[in-house]
Amino acid sequence: MRGGKALPLVAAAVFGAAPLVLPGWVTFLLTLAVAKSVMVLAIALLLRGGLVSFGHGMFFAAGAYTVGMAMKWGGMREAVVLTFLGVLAAAAAAALLGLLIARYRGIFFAMLNMAISMVVYAVLLKLYWVTGGTDGIGIRTPTILGVMPERESLRLVMYYFTLVMTLPAFYAVHRFWTSPLGFALRAVRDNEVRVEYMGTSVARVIYAAYVLSGALGGLAGILTGFSVGHIVPDLAYWTTSGEFVFVAVLGGPASIPGPLVGSIAFEFLKSYAYKYAAFTWQMTLGVTMLAIILFMPGGLWTIYEGLARQGRQWRLSWKRTG
Amino acid sequence: MATVLETHGLTKSFGGVLAVDDVSVAIAPGEIVGIVGANGAGKTTFVNLVTGYLKPDRGRIIYLGRDITAHPPREVTGLGVARSFQIPQIYASLTVLENVLIALAAREGQSLRAWAPLSTRVREAEGLILLEPFGLTEHAARPVSELPQGGLKLLDIALASALMPRLLLLDEPTSGVSSAEKFGVMDTLVSILQARGVTVIFVEHDMDVVTNYAGRVLAFSEGKILADGAPGVVLADPAVRKAVLGWA
């Protein structure tokens with residue numbers, strides 16, 4: 001279990017030190033990747049229960065637009081308060097929609113999420129006097145605990161703010177995955193009949209997971225909005241949701257670091273593909289996805305797991321011979 | 001002494017077939033009841049009705065003096081009725097121990113807790129003790145997918161017994177279990193359940209198992225109870241032998 005405990009510390013050190021040595025644009029991409037990884041985590045969480053959502057962009061948008069509107073109409077500037085507010089709004093939206101959606105499985109679950117997210121998209125588009133329509137809403141630089149970041153260090157500050165806000169999300173999901181509810185969710189995927197015959201409500205398990213994933217999706221939207229500085233209805237569009245599912249599969253939904261690794265790989269893959277293959281970048285992504293599914297069905301994180309396993313074996317044989 | 005389970009005129013048909021036909025039976029606390037019958041005699045349907053998997057067309061089911069007719073499985077389970085299945089209903093992607101830990105958390109009413117870990121020292125210790133009589137302790141850390149068919153069957157029963165029910169229904173508990181293991185497992189299981197005072201109803205095709213472990217036998221034929229009594233008497237009845245075994 002030593003490796004399991006050291007890994008989060010090593011990761012924290014690497015992510016903490018990264019912007020000090022990396023160029024500015026990489027820090028920005030990393031900020032985006034970390035922010036979106038929370039959404040990928042939300043998707044991965046549902047995948048554990050055998051549920052695929054093609055509409056989680058709506059929670060992404062719910063978080064981001066709550067912050068945008070609170071800034072635009074409420075004149076709020078404090079990032080921590082806004083984040084809290086946005087997560088609450090996304091969770092509330094999930095709690096409401098979950099009453100309906102948690103009853104469905106498989107393709108119905110996926111499509112119902114997509115359908116509702118498209119309604120959200122249309123509303124954001126059409127209510128332009130509130131939401132700014134296609135122009136969206138500009139997110140001004142927030143204060144963080146009352147302090148307005150300097151212009152020169154803004155990028156760095158937003159990176160660390162994102163990182164600090166992401167940590168509790170990952171920790172919470174880690175706790176969730178090892179908790180009775182987390183296991184109940186996996187049990188639901190395996191055998192709903194047995195879950196009910198243990199006296200546990202399948203609907204409640206799915207509902208709880210859905211609300212948690214909605215809240216995480218909201219957090220991701222908020223953090224993305226802060227770092228990009230601008231939000232548009234496209235956040236709720238179904239291709240945005242599809243991208244998150246793509247990244248979840250890319251990184252490997254079965255582990256906690258998978259979504260983070262997938263999210264980082266995806267952001268860089270996308271920007272390089274866009275740079276070097278401007279007209280065929282989507283194909284580049286498609287080919288990558290095919291390769292992952294064919295050769296690494298567990299996602300990118302399985303590379304690390306494979307190496308770690310080999311490392312352990314190597315250490316064991318070293319001990320035997322030494 | 002009050003009964004644990006009573007059915008009154010329980011009836012269920014599928015299309016034109018009467019699967020369970022006006023079955024009335026009363027079962028006392030601590031009884032171990034074997035249900036025998038040919039395929040299609042209504043044994044599994046009876047179990048499905050009692051545990052709420054199916055809704056009866058007519059009749060009532062009384063458990064500990066409470067009407068549980070047409071209550072869903074989750075509620076019936078919550079009242080202390082557990083069951084195992086003809087085809088094992090287990091969590092195939094998890095380990096043997098994790099399966100049992102989930103059952104233990106469910107029994108404690110902790111299934112929906114999202115912050116505390118599932119695997120605690122206390123729960124693990126209890127889980128390993130529960131697996132012991134089924135010979136599954138040494139496989140505790142293995143994924144369920146690696147177990148042989150008989151092991152799955154036993155795990156399914158272990159999950160039901162982990163819920164510490166007052167009434168346990170076992171649907172063909174020894175089918176798929178090797179004949180070498182069969183009696184050993186039944187010996188330990190029955191003595192544990194008896195010590196706990198659990199009332200047991202088991203559907204069984206193996207007449208030796210029925211004779212050895214049932215205190216009372218219900219012989220089903222075409223949805224009706226053909227005979228009800230001590231195993232020696234019921235299984236010697238020529239009508240039962242003809243209906244159940246196909247020869248007298």
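Mentor: Begin with a term: two strands pair if DSSP finds at least two bridges between them. Keep in mind that this is a predicted model.

Trainee: Which residue in β8(B) is the bridge partner of B:Leu169?

Mentor: β7(B) and β8(B) pair in the parallel sense, over five bridges. In β8(B), the partner of B:Leu169 is B:Ile201.

Trainee: And which residue in β7(B) is the bridge partner of B:Ala82?

Mentor: On this side the pairing is between β6(B) and β7(B), which run parallel and share four bridges. The partner of B:Ala82 in β7(B) is B:Leu168.

Trainee: How many of the residues of β7(B) are buried?

Mentor: A residue counts as buried if 20 or more other C-beta atoms lie within 10 Å of its own. In a regular strand the side chains alternate between the two faces of the sheet. On one side of β7(B), B:Leu167, B:Leu169 and B:Asp171 are buried, and on the other B:Leu168 and B:Leu170 are buried. The count for β7(B) is therefore five of five.

Trainee: Which strands stand at the edges of the sheet of six strands in chain B?

Mentor: That open sheet has the order β6-β7-β8-β3-β9-β10 in chain B, with mixed pairing. Each edge strand has a single partner, so one side of it is left without a neighbour in the sheet. From one strand to the next the twist averages 15 degrees. The edge strands are β6 (81-84) and β10 (224-229) of chain B.

Trainee: Which residue in β9(B) is the bridge partner of B:Val33?

Mentor: Strand β3 (residues 32-37) and strand β9 (residues 216-221) of chain B pair in the parallel sense over five bridges. Across that pairing, the partner of B:Val33 in β9(B) is B:Arg216.

Trainee: What angle does the direction of α1(B) make with that of β7(B)?

Mentor: α1(B) packs on this sheet and touches β3, β6, β7 (167-171), β8 (199-203) and β9 of chain B. Its direction makes with that of β7(B) an angle of about 145 degrees.

Trainee: Which strands stand at the edges of the sheet of four strands in chain B?

Mentor: The order in this open sheet is β2-β1-β4-β5 of chain B, and the pairing is antiparallel. An edge strand here has a single partner, so one of its sides is left without a neighbour in the sheet. The edges are β2 (17-27) and β5 (66-67) of chain B.

Trainee: Which residue in β5(B) is the bridge partner of B:Ile62?

Mentor: Strand β4 (residues 58-63) of chain B pairs with β5(B) in the antiparallel sense over two bridges. The partner of B:Ile62 in β5(B) is B:Asp67.

Trainee: How many residues does each domain of chain B give to the contact between domain 1 and domain 2?

Mentor: Chain B is divided into domain 1 (1-80 + 166-176 + 198-248) and domain 2 (88-163). Taken over C-alpha atoms, their centres are separated by 27 Å. Domain 1 of chain B gives five residues to the contact, and domain 2 of chain B gives seven.

Trainee: Which helix supplies the largest share of the side of chain A that touches chain B?

Mentor: The contact takes 22 residues from chain A and 27 residues from chain B. On the side of chain A, α7 (154-178), α8 (180-190), α9 (192-196) and α10 (202-228) each supply at least two residues. The largest share, seven residues, comes from α8(A).

Trainee: What classes of residue make up the contact of α8(A) with α10(A)?

Mentor: The axes of these two helices come within 10 Å and cross at roughly 115 degrees. A:Leu181, A:Ala184, A:Leu185 and A:Val188 in α8(A) meet residues of α10(A), including A:Val202 and A:Ile206. By class, the contact has no polar residues, no charged residues and nine nonpolar.

Trainee: Is B:Glu222 buried, partly exposed or exposed?

Mentor: B:Glu222 is in the loop between β9 and β10 of chain B, and its phi is near 50 degrees, a positive value in a residue other than glycine. It has 16 other C-beta atoms within 10 Å. The limits are 20 or more for buried and 12 or fewer for exposed, so B:Glu222 is partly exposed.

Technical notes: Residues numbered from 1 in each chain as written. Chains lettered and ligands numbered in written order. Predicted model: local features only at pLDDT ≥ 70, side-chain atom pairs only at ≥ 80, totals over all residues. Contact = placed C-beta atoms within 7 Å. Axes fitted to C-alpha atoms, helices over the stretch in contact; angles between N-to-C directions. Nonpolar A, V, L, I, M, F, W, Y, C, P; charged D, E, K, R; others polar. Domains from an automatic or database assignment.
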